Amino acid sequence: MAINQAGIKGTGNSDMSEKATFAAGCFWKPEYIFRQVEGVVSTSVGYMGGEAANPSYEQVCSGRTGHAEVVRVEYDPERVSYEELLDIFWHCHDPSQRNRQGPDIGTQYRSAVFAHGAAQEEAAAASRARLAEAGTVVTEIAQAGDYWPAEDYHQQYIEKSRRHRFGAG
């Protein structure tokens, strides 16, 4: 089942929260970074921007679905602004790399902002333009579409792997 503009399934969080969705290469690192931000209510990793319904990780990695790996951030705009989240997004990956981040290559690793409404789209475009003054920026900006949550083992992957690695899980 896709989770769309209506909300993040099962969070039980305040109606005052808002969503932001970013593609910044492999979704594990950006999710970890956003989870550390004061004002972020929850995060989830998944897939957006493609054609197939409910794709698996293997299907997305094949490059045939058109999806990007994304982190969906639910945040309290009274504690952290969308502009602050954009700044974190720009700094947690290389927005000058087309369809890759580090050793990860493929369209699923593209840099993109999936805006939830016109205000986010305008803020993302202005932020990208400021960044582009310093060099090449290939980040796509598009309206958010259907969000397909990734498999459970991808959710909070870095936190889970650290617990396992250090004997706490």
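These legends walk through a few close-up views of a predicted model.

View 1. Residue numbers start from 1 along each chain as its sequence is written, and side-chain values use heavy atoms, with hydrogens and water left out. Since this is a prediction, local features need pLDDT of at least 70 and side-chain atom pairs count only at pLDDT 80 or more, while totals for chains, interfaces and linings use all residues.

View 2. Helices (H or I, at least four residues) and strands (E, at least two) are DSSP runs, numbered from the N terminus. Strand E3 covers residues 68-75, and eight of its eight residues are buried, where buried means under 20% relative accessible area, exposed over 50%, and partly exposed in between (1.4 Å probe, protein chains only). Ala-68, Val-70, Arg-72 and Glu-74 point one way from E3, while Glu-69, Val-71, Val-73 and Tyr-75 point the other way. Two strands pair if DSSP finds at least two bridges between them. Strand E1 (residues 18-24) runs antiparallel to E3 and is joined to it by five bridges, with Ala-20 partnering Val-73. Strand E2 (residues 40-48) is also antiparallel to E3, through eight bridges; here Gly-46 stands opposite Val-70.

View 3. Thr-65 sits between helix H2 (57-61) and strand E3 (68-75). Leaving aside residues up to four places away in sequence, Thr-65 touches Gly-50, Glu-51, Ala-52, Pro-55, Gln-59 and Val-60. Its side chain also makes a polar contact with the side chain of His-67, at 2.9 Å. A polar contact is a pair of N or O atoms within 3.5 Å; within protein, one must be able to donate a hydrogen and the other to accept it, and residues adjacent in sequence count only if both atoms are side-chain atoms.

View 4. A disulfide is counted when two cysteine sulfur atoms lie within 2.5 Å, and the count here is zero. For Cys-61, the nearest cysteine sulfur is that of Cys-26, 8.7 Å away. Cys-61 is partly exposed at 28% relative accessibility, whereas Cys-92 is buried at 5%.

Methods: Contact = heavy atoms within 4.5 Å.
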